[in-house]
Amino acid sequence: MLPPASFPVPGPGDAARHELLQSVVDVARAIFGAAASSVCLLDEEADELVFQAVSGEGEAFLVGRRFPAGRGIAGWVATSGEPMVVDDLSRNTSFDRSLAESTEYVPDALMAAPLISDARVLGVLEVLDPSPQARSDVRELDLLAMFARQAAAALRVLAPQQADARVLAGERREDALQLLGSLERLLRGTG
């Protein structure tokens with residue numbers, strides 16, 4: 001089990017982090033042919049996971065929504081630090097159907113990977129109802145886990161390391177976005 005990160009959850013005015021996280025979920029959704037994708041970051045003080053970016057189902061209203069950090073598959077992934085794929089959520093005891101119903105989208109299958117940087121869990125990247133080909137191959141889960149690690153590294157570049165640190169901009173922000181762009185090209189096989 002990896003320790004949770006002491007990671008400030010981005011506020012609504014943090015445009016650089018929002019842009020990065022939105023790019024992560026948009027790319028993950030496209031790569032895995034999913035109906036939706038989301039990033040939830042860990043708010044350690046509140047012991048909650050917070051939706052920070054959503055692509056697809058729930059996009060219009062889930063950002064900012066919170067749920068207990070130990071709840072559901074996302075909670076298990078955040079706690080264990082291990083990726084997970086579930087082909088049939090109706091048969092999985094870790095799946096929290098009531099939580100899914102509260103988001104107004106109940107998937108049939110999902111893939112989830114922890115966002116890990118410096119051996120700390122920052123949150124969880126999920127793809128909901130990925131294409132059957134994506135969820136049937138262990139290499140695809142490894143690909144999602146690699147994508148989540150790279151996204152976490154880019155996110156760490158943008159995140160202040162101390163409570164009083166200034167928001168990073170300019171060259172470091174561009175470095176993080178270039179890192180994510182390079183990873184996207186690699187994953188799509190065009191770079």
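The model is a predicted one, in which local features need pLDDT of at least 70 and side-chain atom pairs count only at pLDDT 80 or more, while totals for chains, interfaces and linings use all residues. Residues are numbered from 1 along each chain as its sequence is written, and side-chain values use heavy atoms, with hydrogens and water left out.

Overall, the protein comes to 6 helices and 6 strands, taken as DSSP runs numbered from the N terminus, with at least four residues of H or I for a helix and at least two of E for a strand. Read from the N terminus, the elements go α-β-β-β-α-β-α-β-β-α-α-α. Of the 191 residues, 50% count as buried, meaning under 20% relative accessible area with a 1.4 Å probe and protein chains only (exposed is over 50%, partly exposed in between). Among contacts with a separation of 6 or more, 58% come from residues 24 or more positions apart; a contact here means heavy atoms within 4.5 Å.

The 6 strands make an open sheet in the order 3-2-1-6-5-4, with antiparallel pairing; two strands pair if DSSP finds at least two bridges between them. Strand 3 (66–68) and strand 4 (84–86) sit at the edges with a single partner strand each, so one side of each has no neighbour in the sheet. On average, neighbouring strands are turned by 25° against each other, direction ignored. For angles in general, axes are lines fitted to C-alpha atoms (for helices, over the stretch in contact), and the values run from 0 to 180 degrees between N-to-C directions.

Strand 6 (residues 120–128) pairs on one hand with strand 5 (residues 110–117), antiparallel, through 8 bridges. Within that pairing, Ile116 has Val121 as its bridge partner, and Pro114 stands opposite Val124. Strand 6 also pairs with strand 1 in the antiparallel sense, over 6 bridges, and there Ser38 faces Glu126. As for cover, 8 of the 9 residues of strand 6 are buried.

The hairpin of strand 5 and strand 6 has 2 residues between the strands, and Asp118 takes a positive phi near 55° there. Asp118 is 9.1 Å from Arg156, C-alpha to C-alpha, although 38 residues separate the two in sequence. Arg156 belongs to helix 5 (residues 138–158) and counts as buried because its relative accessibility is 13%.

Helix 2 (residues 72–80) lies across strand 2, strand 3, strand 4, strand 5 and strand 6, and runs at about 145° to strand 6.

The structure also holds 1 cavity of 30 Å³ or more. On a 1 Å grid over the protein atoms alone, a cavity is a set of points where a 1.4 Å probe fits but cannot get out, and lining residues have an atom within 4 Å of a point. The largest cavity has about 280 Å³ of space, the volume being the space filled by probe spheres set on the points, which are joined across faces, edges and corners. Its lining has 23 residues, and Phe51, Ala100, Thr103, Glu126 and Leu128 are the closest to the centre. Strand 1, strand 2, helix 2, helix 3 (97–102) and strand 6 each supply at least two lining residues, and strand 1 gives the most, with 4 residues. By class, the lining has 15 nonpolar, 4 polar and 4 charged residues, where Ala, Val, Leu, Ile, Met, Phe, Trp, Tyr, Cys and Pro count as nonpolar, Asp, Glu, Lys and Arg as charged, and the others, Gly among them, as polar.

Terms used:
1 Å grid on protein atoms, 1.4 Å probe; cavity = no way out; pocket = protein on both sides within 12 Å on 5 of 7 lines; lining within 4 Å.
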